[in-house]
Amino acid sequence: MQQEAAIREPLILGNKSYKDITDDVVGPIQGKAPLGWKIMITISSVIAFYGVGCILYLIGTGIGVWGLNKTVGWAWDITNFVWWVGIGHAGTLISAVLLLFRQKWRMAINRSAEAMTIFAVIMAAVFPGIHMGRIWVSYWVLPLPNQFGSLWVNFNSPLLWDVFAISTYFSVSLVFWYIGLIPDFATIRDRMTKPLQKKIYGFLSFGWSGRAKHWTRFEEVSLVLAGIATPLVFSVHSIVSMDFATSVIPGWHTTIFPPYFVSGAVFSGFAMVQTLLLIMRKTMNLENYIHTKHVEYMNIVIIVTGSIVGVAYLTELFISWYSGVEYESYAFINRFSGPYSMSYWIMMTCNVVSPQLFWFKKIRRSLVATFALSIVVNIGMWFERYVIIVTSLHRDFDPSSWGEFHATSIDVGVFVGTLGIFFTLFLLFARFFPVLALNELKTILKSSGEEHKRIQSDGKSNH
Amino acid sequence: MESKKVLHVMYDDDGKLLEAAKQLVAKGIQVKDVYSPFPVHGIDPIIGVKRTRLAIASFMYAMTGTSLALFGMWYFMIQDWPMNIGGKPSFSLIQNLPAFVPVTFEFSVLCGAHGMALTYLLRNGTLPGMPASNPDPRTTDDKFVMEILTEENELDAAALEAAVNDTDLLELSIKEYTA
Amino acid sequence: MADNKIYWSGLEELDRTPEFERIESQEFPAERPADEFLADDRLQRANTGRRDFLKFMGFSVTAATLAACETPVVKSIPYTNKPEEITPGVANYYASTFYDGHDFVNVLVKTREGRPIFVKSNTETGFGRVNARVNASVLGLYDSARLQAPHLNGEATTWPSLDAAVSKGLTGSGRRVLLTGTVMSPSMKRAISALEASAGVEHVQCDAVSYSATTEAMRADYGRRVFPSYQFGKAETVVSLNADFLGTWGDNVWYTAEWAKTRRPEDGAMSRLHAFESGMSLTGSNADSRTRVKPSEQGRVAAALLREISGQGAAVVLDETVMASVKAAAADLKKSGAKGLVVAGDNDLATQRIVSAINRALDAVGTTIELHENPSLHQGDDKAFAQLVSDMNAGKVAALLVDGINPSYHAADAAAFNAGLEKVGFSVSTALFADETASRCTAMAPAHHWLEGWNDLQIDPNRIDLVQPAIQPLYDTRQPAESLMAWAGQPADGYTLLRQTHSAAYTADAMYTDQNWNTGVHNGFLAVTVPEETPAVYTGADLGGALRDVAARKGGTFELDVYRKVAIGDGQQAGNPMLQETPDPITKTTWDNYVTMARVDMEAMGLNTYIAQEEPASVVKVTVGAKALELPAFPQPGQTPGTVGIALGYGRGGGNEAIGKAAYQVGEGGDHLADAEGNLVPIGKNVFGLAPVVDGVPSRAVYDVSIEATGETYPLACTQIQHTYMGRDSVVKETSFDDYLAEAGVKRGDASWNKTIGLNVHDDINGDGEINALDKKAAGEFDMWHEHAVDGVGHRWGMAIDLTSCIGCSACVTACHIENNVPVVGKDEVRRHRDMHWMRIDRFYASDWNMERGEAEGVGVISTYGKMEEPGANPQTVHMPMMCQHCNHAPCETVCPVAATTHSNEGVNQMTYNRCIGTRYCANNCPFKVRRFNWFHYPGYDKFQNFNPAQDAIQRMVLNPDVVVRSRGVMEKCSLCVQRTQGAKLEAKKAGTPLEDGSAITACAEACPTNAITFGDLNDNASEVRATYDNNRTYHALEEVGIQPNVAYLTKVRNTPKA
């Protein structure tokens, strides 16, 4: 069994036994739903319902119900898409990359982070679908044999790369998540008393019984999946960024997009994890498992990625000037001084300035500040995509077709709606799924549990 | 013929389990299997669980994906119906390759991941709706159970029981079963 | 023995149930008729109230499913006996002539399966080139608001009863007057004289837009009351005093082409155009030197010119910038002498007499000005009309017959006319619509649309232009001449009437035998020989009065000039949605008229000078004496400070007249707006009669108007909101004629004014021993990959557009609109930058600022860019037609995930509508933003019910059967008229000959009056378009993006005077 230096801050507070861990996680699932949960799910599902209405209206009437026009062909739709995909990066990153680096602190958060990933990616996938003029033929993006004979898709198109990237990312994350869930479902199954619940969780647990052989395979699979999910995470947002990077539009046609988008994604992803976990630990009483230490670790990731993003912004500006291309330089001058400069400065403050506050340990370890900043960061990241998409499009090469974009109520409705759907799904997860990776936490109880650390250090001092 | 017996020895701590396993194996006793709520590191060599080859499987799946993707794109874009798209070359795979890299990668990952996951579930026999086979529900919570079969050991049930009782066990249940 | 078994098909038959009896009785059980089923417009409706959440919820579910079933219902009716000249799928062309009282042009009418669908110039045997108003007029034929039968006292009736009523009405005591526009038709004249003879009817002519000052001046000077025929083709120097001869003034359909002939830099000589005007007109925007003057100064400018040239008259007061340009213009005129030409647009006798004196001084009469005895345009006699109106009010008029004009709308004093009309015993109008006048008349005898009937017209003494029907009359209508004959008591059908005009001995059995006539019909004209006419001699009185008059003119704080817009003209076609949606070439504004003002004045009054989607225009109140009206104010670069301009032709149908659905304003939902009384709201305001009548002549200028801000706002729909090209010289290239001549010989890409754009490379290209910014490689030479062969392989369609010849008249825009079934999307969508025009004309103004000046004056880059967005106060203008550039390295193609847009092996960027899933990625990635997305179901969605032709059961017939109507959610764009190139290829294939240059031509190239657009096969070395590729003015827009377009532009050359 791995040992860990006693001086390291414990990851599990209080004197927990294996049983306690199980109780803390499975207890809420057996018990009645707390009032807070009921309120939250009501609100979010109402919003979700409204969003669905807007989407149906959009599909029924035409893309014209959005504010788009001949000059700005993408705005909120793709902004939301990229934003959601970005958020969807934290989960897999936490569980995969941190697993490879053997970061034990991930275990408290990876389960819910992955859930968030899955839901975020679902939300992301909504937009490429509904932004199509003819969603009812959206399956044409797949290279399916068809009655037209030799009619295939265009593998040169970054949009098609997206199709593969997003679907791969979604399904692989789903598998990764579920394989981790199986043993925990088994735990729940074996505790459930009501026959129906027992049946459901029994079904979900695939008859897992925790044999040694299975556990070895389990760990192998987790490791390998992590191994291939890691490059996947980076590839996905790189490919999303290529939608823009491979185009000719000044402000899109930028080679630094892939790393810049990936770090931006991790940045916003961690921020969203913070937002969700800080609420969840309160409502689900998980203070002992998710506490300052975890928050601090995540904040550190936020500083790093936030700074990378900041550097990327400045690089863009510099290059646009250094290139000497009038279209490039104008595109960026227009960003910070043109009609949409407000969005640019919001983006700058939220993404570049605000995360720097985390250099202060007090702020870094303050849950309230973290919660506030995590939301600020995601506002900023939404505006980053808005700035990239709209300000680049509305004034490009030919001044005669320079235009404006004004969002309509449906633009807003659809976006807010996806937030509603997202939170609804997450709340359902929090209510009925094991929100912590039980089996993983138990493995680190002895190495990183507070009580055991005390025993250890006592033991040492006795010598 | 004498009836076959199965011993389920329960421990309340993974440490104790490991100790016990060592003792018994030292006495030449075959431990059939271990049920635990989480992977007990170090148990495999003791009870002789072999290393899994899932990783290799995964690699092979991924390679299949790679070749499938490349073949598909070559067929769609170059062989079956080459088109002039933005003046980009569609004459041979190599010319068009740069554009094919992303999809090739994604598809390999897709096949690698899903192929391995499926194999894993099949080999485990853990599939939707399968019955659970752990001897005691507590093994998914905080208890650890060692399973010993009489038929796998020369020692008879009584001797095994004695040996097991030497260990720091919590409970012992002996069931009869007929093979 | 007979076998009498009975076989029954079912128990029902066995025991003869009544139900069975019923079914058995009818061999073909009636199904629900297809029409009834199709008439059910719920099929296509995708309608939801936005506010009502549940409503759209519930609805959209169905709509989503509905939208999925796209199969269009195709009804096809076979010919029972096929007319021999009609082959389904093959177009027939008929030579005809268009005349609407203003524009007079020989045309070819394209018909498909018996439906006229396109009108183009008859360049073979005719004169003049169609403009936007003419080629869009085909839409009027199918207007469902047209009168469908004769009417008497508002009730539909039959022709016999109508004729009886008219004949009775003509017997009343008092004046019996036939009121028409300028009559150009010999047959009509014959009918009129017949009516005069039989019923003692007097004939009074009156033009919607009066030119009587010009004609009166000619009478005063030459004793001929004619509108001169100006020979712009012969002029070396043209001075236009507020005469928009390229857009709306005089016989513009002819002037335009003639003038353009004198503007070819390659010829080594270019005519020069000086313009003096208050507002920016199409002509002014094409002038080599444009001077801003006030309407009250126009006369003095003329006087000053006269003094400069002939020394006549006393010196006049003009500020020195104006004086300087007057001197420059005079110098050019003197140099050109008889090849000089001065035209004045103001309907002002004094000015016209002075101008006529200038032309006389130049000795231009006989060269650039011809004064034919007749026929002549613009014969309207305003004095006679005024007399008529007063007689009508005095109750002295027993009967009034109105033909071809609409005085209740455009009379100088329409109120008086209407009042008088009440007192007229019997009145009849031959209008196609129950318009302002017709709806007030006792009877309506609707005429044919010009595409439906036989007629003859004469503008050239040597030829009679024929009008022939291209379709059976859609409704129960009758040619006016025919009506007049009927009322004169000698009824004859229109055709016989026509034939007898030209051969008195004609009888029906000679219908097809007259060779001369048949060729005439084929060519569209009959040649006639006229006796040698005596040259015009000057008999004029002295100019003193006129000179004193103009010298004495004073203007108020604001002066008004009422002008006409290129698309709407005098408002006859206000109900034509395509014209309403055609952006004005200057303001780029659709669907409205407005007050054009100088930016300085607007800023002084605190009015909004930036008009865009969410920035509506400020409404101002214009007061002229007792009359006042409110209109939005539009900031017009080049507008003389202290002057405003308002377009005529708007505010049609103020009294709910049925002049076409599209003539009225609609709300965002697509329903007509209604005012408090429930009347429909006309588009814009009527400014006819706003200007005073000066000595019997309705003027078009008001020297003193008051403008005040109202604080209200009104949205305007502009297709272009950025008016300068921000110094981006790879979009627009221009130079002066002198600079051009200096480098006329150098090869393409080397001239200073058209350098091939190079990109820096890390390689010592120029061989100066070091690698630096000077090492540039031509953008075209960069190549990242193994090319698809384009040169020399099969056809490769290409286009060249000469920015020097393009005057921005927008004839190509309407031509493309009609040819390609481009939807009309209405004001609200245009305001949202969703106009669907495949072909647009970018209008760029020069800015006084550029980066160099910014640097020189130490203004920061950012604020310099800000200033560059502002057009200059009196800017030079560039008109740049822009459509899909069909790039060989098209950015749009690469990004389409489903390969819906690909490159054809003929170099055309193809759009496969039925493969498109509508991601709009292609549109985003287009550097020219020429791709258009179907945001809604235009042929079905309620928002477009009141103006989109595809939604009108009858107007739908104008759609071109060769071009699919695009479904909702797909991208569309210019296809280089692929239906035409394919057609031409088929013809050549059938003929077994190689495709010859010019046999395939796009609608825009065909419509261009100045031949600015050349289309052809770039792989055909003999082709005209190939030749332009070696022209040193040729360049590709945005060359450095490396997209390699198949459309090229030719540098704009201005013949600017040396400063």
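Reader: Is the crossing of helix 4 and helix 8 of chain A left-handed or right-handed?

Author: In this predicted model, the crossing of helix 4 of chain A and helix 8 of chain A is left-handed. Left-handed means the near helix is turned anticlockwise from the far one by less than a right angle; clockwise would be right-handed. Helices here are DSSP runs (H or I, at least four residues), numbered from the N terminus. Residues are numbered from 1 along each chain as written, chains are lettered from A in the order written, and local features need pLDDT of at least 70. Side-chain values use heavy atoms, leaving out hydrogens and water.

Reader: What angle do helix 4 and helix 8 of chain A pack at?

Author: Two packed helices are described by the angle between their axes and the distance between the axes. Helix 4 (residues 89-100) and helix 8 (residues 212-245) of chain A pack at about 135 degrees, with axes 8 Å apart. Axes are lines fitted to C-alpha atoms over the stretch in contact, and angles run from 0 to 180 degrees between N-to-C directions. That makes helix 4 of chain A oblique to helix 8 of chain A (under 35 degrees is roughly parallel, over 145 roughly antiparallel, 65 to 115 roughly perpendicular, the rest oblique).

Reader: How many salt bridges does the rule find between chain A and chain C?

Author: Five salt bridges cross that interface, each being a side-chain nitrogen of Lys or Arg within 4 Å of a carboxyl oxygen of Asp or Glu. One of them joins Arg920(C) to Asp77(A), with the closest N and O atoms 3.0 Å apart.

Reader: And how many residues does the contact take from each chain?

Author: Chain A gives 70 residues and chain C gives 76, contact meaning heavy atoms within 4.5 Å.

Methods. This is a predicted model: local features need pLDDT of at least 70, side-chain atom pairs count only at pLDDT 80 or more; totals for chains, interfaces and linings use all residues. Helices (H or I, at least four residues) and strands (E, at least two) are DSSP runs, numbered from the N terminus.
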